[in-house]
Amino acid sequence: MSLKPIRDEIDEIDRQLIELYTRRMECSKKVARYKMENGIPILNTEREQQVTELAAERAGEYGPSAKLLYSTIMELSRALQHDMLGSGAALRNELLTAKKNVPYDDSSVRIACFGAEGAYAHKAAKKLFPGASPVFCSPFRKVFEAIQCGQADFGVIPIENSSAGSVIDVYDLMLKYRFHIVSAADIAIDHCLAAKPGAQLSQLREVYSHPQALSQCSDFLCARENLTPKEYVSTAQAARFVASQEDMTAAAICSEEAAEKYGLEIILRGFQNNPENTTRFIVVSKQLYIEPDADKISLCFALPHVTGSLYSALCRFAYHGLNLTKIESRPIHGKSFEYFFYLDFTGSAEVPDTMNLLCALSDELVDFSFLGNYKER
């Protein structure tokens, strides 16, 4: 038996399906016009549930897949209606009126930088704002508090490492404060093991550093039972602490700049798990900036605790041809097994389709925040 007759039948069915699909979408346009004229919200959860459940019932053994198919059709229909009605007026206005140029070269700009002088965040701040004199803050929340109370215009903080992953505390603070991300920089991380001058590796017993740095050097630490990792608020502050002690058995994992700044002697280099170790630092601000070359978008939102809600949201990105680069979930405090989602994807908010998507999501999704459209430098 040849496959050709079966494929010919499938082709004919597909032709009919496309005709029916286009007719359905034309009906969605009529629905959109009616809703616009009568002030009716686009999202009608009860109606969508009726349609998908009826599809599942009619499809018999193919019920679950039919329900998924119709859920996707409903998402696409709703996206079309949002585009027609110009949803999300408040966000649309915010995007269109955003400032265009981050003042990187303004020496008077006030920068709150995580850690202490010589920290990797300091290196990122100097790369992005070469003329500024940052004020150092720790822990992470102090950076956000400095911006919140008007003591700083921008904050520089780490958000992700190529080896140790996301800096969870920073994600939680982003979700709490909803500041805008206006820029980012990837900084190569080359850790040093530093101690008091004259100290030897064999006599070291305690190693102080930020938990992320300890994680990035875990192979080295696990292989040496005589070394006990000690968490400290930042790598540079760990170096400063070790320098202030008389203890020759204490060391810090820090940058070369921090070791030099606090008078420590570098005992070892290049011992991190990943030789290509890199940390991404972001610049946050209350003010929204969208520079002309911005090509990465970050946003966050909550979803109803129902089956398929995340899939339904994500299929809209596929509909617009957008590439998701990161998704992070964080629990919502006070609610059991409900989550905030943080998304990164490539794109520009100035592109009409992307702007329409963002504005539609801002109308539909619970606790939605547009965090920023920026360039990694």
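What volume does the second largest cavity have?

Tutor: The volume of the second largest cavity is about 40 Å³. Before we look around inside, here is some background. You are looking at a predicted model, in which local features need pLDDT of at least 70 and side-chain atom pairs count only at pLDDT 80 or more, while totals for chains, interfaces and linings use all residues. Residues are numbered from 1 along each chain as its sequence is written, and side-chain values use heavy atoms, with hydrogens and water left out.

What is a cavity here? On a 1 Å grid over the protein atoms alone, a cavity is a set of points where a 1.4 Å probe fits but cannot get out, whereas a pocket is an open set with protein on both sides within 12 Å along at least five of seven lines; a lining residue has an atom within 4 Å of a point. Grid points are joined across faces, edges and corners, and the volume is the space filled by probe spheres set on them.

Strands (E, at least two residues) and helices (H or I, at least four) are DSSP runs, numbered from the N terminus. By class, the lining has five nonpolar, no polar and three charged residues. In this scheme Ala, Val, Leu, Ile, Met, Phe, Trp, Tyr, Cys and Pro are nonpolar, Asp, Glu, Lys and Arg are charged, and the others, Gly among them, are polar.

R280 and E160 form a salt bridge through their side chains, at 2.9 Å from N to O. This pair links distant parts of the chain, since R280 sits in strand β11 (residues 278-285) and E160 in strand β3 (residues 154-161), 120 residues apart. A salt bridge here is a side-chain nitrogen of Lys or Arg within 4 Å of a carboxyl oxygen of Asp or Glu.

The story goes on beyond that pair. E160 and R280 belong to a network of salt bridges that also links D186, K296, K326, E328, D344 and E376.

D295 lies in the loop between β11 and β12 (296-302) and K375 in the segment after β15 (366-374), so the bridge ties together parts that are 80 residues apart in sequence. Both ends are partly exposed, D295 at 32% relative accessibility and K375 at 26%. (Buried means under 20% relative accessible area, exposed over 50%, and partly exposed in between, with a 1.4 Å probe and protein chains only.)

How does our cavity sit beside the other spaces? The search of the whole structure finds two cavities of 30 Å³ or more. The largest cavity has a volume of about 200 Å³. Its lining has 18 residues, and Y120, P158, Q212, T235 and F281 are the closest to its centre. At least two lining residues come from each of α5 (120-128), β3, α8 (211-216) and β11, and α8 gives the most, with three. The make-up of the largest cavity's lining is ten nonpolar, eight polar and no charged residues, while the second largest cavity has three charged residues in its lining.

Finally, a glance at an open space. The largest pocket has a volume of about 750 Å³. Its lining is made of 28 residues, with E48, V306, T307, S309 and S312 nearest the centre. Helices α2 (45-58), α3 (63-85), α12 (309-319) and α13 (352-364) each give two or more residues to that lining, and α3 gives the most, seven. The classes there are 13 nonpolar, eight polar and seven charged.
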